[in-house]
Amino acid sequence: MFRTPARLYRVLAIAEAITWTILIAALIARAVGAPGIVVTIGGGIHGFVFLSYGATAILVAFNQRWSIGVGVLAVASAIVPYATIPMEIWLHRSGRLKGDWRLEEGDHPQDRTWYDRTMRWFLRRPWVLVALIAVAVVSLYVILLTIGPPGGK
């Protein structure tokens, strides 16, 4: 399913936009009398997908060798409702999502850096990578829930 960075990025960009819809619908529902738990549930779903999208954007940015600015912009696009969709379209049209996962060392000088070697090691072991990202996302999610929701209670 996620044989290319472009496919993985697109799925998470769309999921992030969908969860914005869930969150906004929950806020509207609460405003018209629904119990506050709808926002808690919608916000929880959105928060988890937000973190997953951020992790995906970082992984794809490393694999595709985006500049730091493009990587930061990709992650930051999740802050604005629905902005991940035009971001994905721009990345696709500008050729920044072209290519496959970089599983083998090439001629590029960056391929010899420790972080590229580490990334390739994990990409060749996708279940280990997925588990590591899942643990990181869940841990950050739990930490953020412990701190409290955005804007306080």
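## Threonine 19 in helix α1

Threonine 19 is buried, its relative accessible area being 4%, where buried stands for under 20%, exposed for over 50% and partly exposed for what lies in between (1.4 Å probe, protein chains only). This residue belongs to helix α1, helices being DSSP runs of H or I with at least four residues, numbered from the N terminus. A polar atom of the threonine 19 side chain lies 2.9 Å from the backbone oxygen of glutamate 16. Leaving aside residues up to four places away in sequence, threonine 19 touches Ile45, His46 and Val49, a contact being heavy atoms within 4.5 Å.

The model is predicted, with local features requiring pLDDT of at least 70 and side-chain atom pairs counting only at pLDDT 80 or more, whereas totals for chains, interfaces and linings use all residues. Residues are numbered from 1 along each chain as its sequence is written, and side-chain values use heavy atoms, with hydrogens and water left out.

## Aromatic pairs

The structure holds six aromatic pairs, a pair being rings of Phe, Tyr and Trp (its six-membered ring) with centres within 6.5 Å, counted as stacked if the planes are under 30 degrees apart, as edge-to-face if over 60 and as tilted for the rest. Tyrosine 9 and tyrosine 53 have ring centres 5.6 Å apart and planes at 55°, so this pair is tilted. The pair links distant parts of the chain, since tyrosine 9 lies in helix α1 (residues 5-31) and tyrosine 53 in helix α2 (residues 37-64), 44 residues apart. Tyrosine 9 counts as buried at 0% relative accessibility, and tyrosine 53 counts as buried at 0%.

Phenylalanine 48 and tyrosine 141 form an edge-to-face pair, with 5.7 Å from centre to centre and 85° between the planes. Here the link runs from phenylalanine 48 in helix α2 to tyrosine 141 in helix α6 (residues 126-147), 93 residues apart, and phenylalanine 48 counts as partly exposed at 35% relative accessibility. Ring pairs also join Tyr9, Tyr53 and Trp66 into a cluster.

## Salt bridges

A search of the whole structure finds seven salt bridges, each being a side-chain nitrogen of Lys or Arg within 4 Å of a carboxyl oxygen of Asp or Glu. In one of them, the side chains of glutamate 88 and arginine 10 meet at 3.2 Å, N to O. Glutamate 88 lies in helix α4 and arginine 10 in helix α1, so the pair ties together parts that are 78 residues apart in sequence. Glutamate 88 counts as buried at 5% relative accessibility, whereas arginine 10 is partly exposed at 36%.

Aspartate 111 forms a salt bridge with arginine 65, the closest N and O atoms being 2.2 Å apart. Aspartate 111 lies in the loop between α4 and α5 and arginine 65 in the loop between α2 and α3 (68-76), so parts 46 residues apart in sequence are tied together. Aspartate 111 is buried, with a relative accessible area of 3%, while arginine 65 counts as partly exposed at 27%. Arginine 120 and glutamate 105 meet in a salt bridge of 3.8 Å, N to O, with arginine 120 in helix α5 and glutamate 105 in the loop between α4 and α5. Salt bridges that share partners join Arg65, Arg102, Glu105, Asp111, Asp116 and Arg120 into one network.

Definitions and conventions:
Helices (H or I, at least four residues) and strands (E, at least two) are DSSP runs, numbered from the N terminus. A polar contact is a pair of N or O atoms within 3.5 Å; within protein, one must be able to donate a hydrogen and the other to accept it, and residues adjacent in sequence count only if both atoms are side-chain atoms.
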